[in-house]
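Here's a quick walk through one protein model, going from a single loop residue out to the helices around it. Keep the viewer open while you read.

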Amino acid sequence: MTNQLLTSFLEIYTLSNNIGKWSKDNFTNNPPRLYRLQAIEALMKALQINCSYQEFQYGEFLLGQNQLVQSELITKIKKSYPILFQTINTEEKKQIDGQFMFEILFSYRMQLQKLTSVKDSVLEYSENNRYPILIIDTINNKLQSDIKAIDNILEYLINPNQINITKQELIEKYNYPVGDLDEIDSDWI
């Protein structure tokens with residue numbers, strides 16, 4: 001569920017990077033964007049994230065997080081990036097600002113999403129023109145483990161209490177959109 005929120009936000013960001021203009025009204029005539037926006041809205045409600053899309057982008061929902069969240073956050077970072085903790089003293093470990101971490105990592109992740117999805121904008125190419133695509137794929141494949149590590153930290157910050165709700169509950173209680181997103185995307189092309 002948390003992964004879906006992150007994925008939907010990143011996907012819609014690659015389609016429309018002006019988050020201030022995200023709205024159902026603005027996306028009414030664009031079913032792929034509208035579906036993703038409705039999914040984001042439902043998932044944020046289910047995860048009890050009560051803020052605008054822009055506030056979410058800056059991690060403002062994390063202001064005032066508790067010490068337990070900090071402790072788990074440190075564990076997640078240490079697991080993915082143990083080298084960092086060789087230079088951080090004990091007092092610094094206790095003072096990690098989750099909101100700032102989210103804001104910086106999410107901003108970086110949004111830019112990575114734009115870079116790693118460049119290939120998606122090339123629908124067709126000839127055999128003679130495959131080399132740029134192969135180069136992009138090679139670079140993107142090298143980034144995947146680091147992207148996953150960043151996503152794990154972001155997902156934890158989004159949902160530190162590990163709230164888990166079934167898709168049926170999302171649909172019934174939070175108005176999660178019904179339909180096949182792949183089909184909606186393919187119909188739009």
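Where does Leu-62 lie? Leu-62 is in the loop between helix 4 (53–57) and helix 5 (67–80). Bear in mind as you look around that this is a predicted model.

## The overall layout

Let's zoom out for a moment. The protein chain has 10 helices and zero strands, so read along the sequence the pattern is simply α-α-α-α-α-α-α-α-α-α. Of its 189 residues, 37% count as buried.

As for how the chain comes together, take the contacts with a separation of 6 or more: residues 24 or more positions apart account for 75% of them.

## Back to Leu-62

Is Leu-62 buried or exposed? With a relative accessible area of 6%, Leu-62 is buried, since the cut-off for that label is under 20%. Setting aside its neighbours within four places in sequence, Leu-62 is in contact with Gly-98, Gln-99, Phe-102 and Leu-157.

## Leu-157 and helix 8

One of those contacts of Leu-62 is Leu-157, which has its place in helix 8 (residues 131–158). Leu-157 counts as buried too, at 1% relative accessibility.

## Helix 7

Met-101 takes us to helix 7 (residues 98–116). Helix 7 has 19 residues and spans 26 Å from first C-alpha to last, close to the 27 Å expected at 1.5 Å a residue. Its buried residues are Gly-98, Gln-99, Met-101, Phe-102, Leu-105, Phe-106, Arg-109, Met-110, Leu-112, Gln-113 and Thr-116. Those residues cover an arc of only 165° around the axis, so they sit on the same side of helix 7.

Why does a spacing like that work? An α-helix has 3.6 residues a turn, so residues three or four places apart point the same way.

## Helix 3 and its cover

Helix 3 (residues 31–46) has 16 residues and reaches 22 Å from end to end by C-alpha, close to the expected 22 Å at 1.5 Å a residue. Buried in helix 3 are Pro-32, Leu-34, Tyr-35, Arg-36, Leu-37, Ala-39, Ile-40, Ala-42, Leu-43, Met-44 and Ala-46. What covers them includes helix 1 (2–15), helix 2 (24–27), helix 4, helix 9 (167–174) and helix 10. Just past helix 3, Gln-48 takes a positive phi of about 60°.

How do helix 3 and helix 10 (residues 181–188) cross? Their axes come within 8 Å and cross at roughly 155°, which means helix 3 is roughly antiparallel to helix 10. On the helix 3 side, Pro-31, Pro-32, Tyr-35 and Arg-36 meet Leu-181, Ile-184, Asp-185 and Trp-188 of helix 10. Sorted by class, that contact has six nonpolar, no polar and two charged residues.

## A buried serine

One last stop: Ser-16, in the loop between helix 1 and helix 2. Ser-16 counts as buried, because its relative accessibility is 13%. Which residues does Ser-16 touch, not counting those up to four places away in sequence? They are Trp-22, Phe-27 and Arg-33.

Notes. Residues are numbered from 1 along each chain as its sequence is written. This is a predicted model: local features need pLDDT of at least 70, side-chain atom pairs count only at pLDDT 80 or more; totals for chains, interfaces and linings use all residues. Side-chain values use heavy atoms; hydrogens and water are left out. Helices (H or I, at least four residues) and strands (E, at least two) are DSSP runs, numbered from the N terminus. The expected span of a helix is 1.5 Å times one less than its number of residues. Buried means under 20% relative accessible area, exposed over 50%, partly exposed in between (1.4 Å probe, protein chains only). The arc is that of the directions from the helix axis to the C-beta atoms. Axes are lines fitted to C-alpha atoms, for helices over the stretch in contact, and angles run from 0 to 180 degrees between N-to-C directions. Angles under 35 degrees count as roughly parallel, over 145 as roughly antiparallel, 65 to 115 as roughly perpendicular and the rest as oblique. Contact means heavy atoms within 4.5 Å. Ala, Val, Leu, Ile, Met, Phe, Trp, Tyr, Cys and Pro count as nonpolar, Asp, Glu, Lys and Arg as charged, and the others, Gly among them, as polar.
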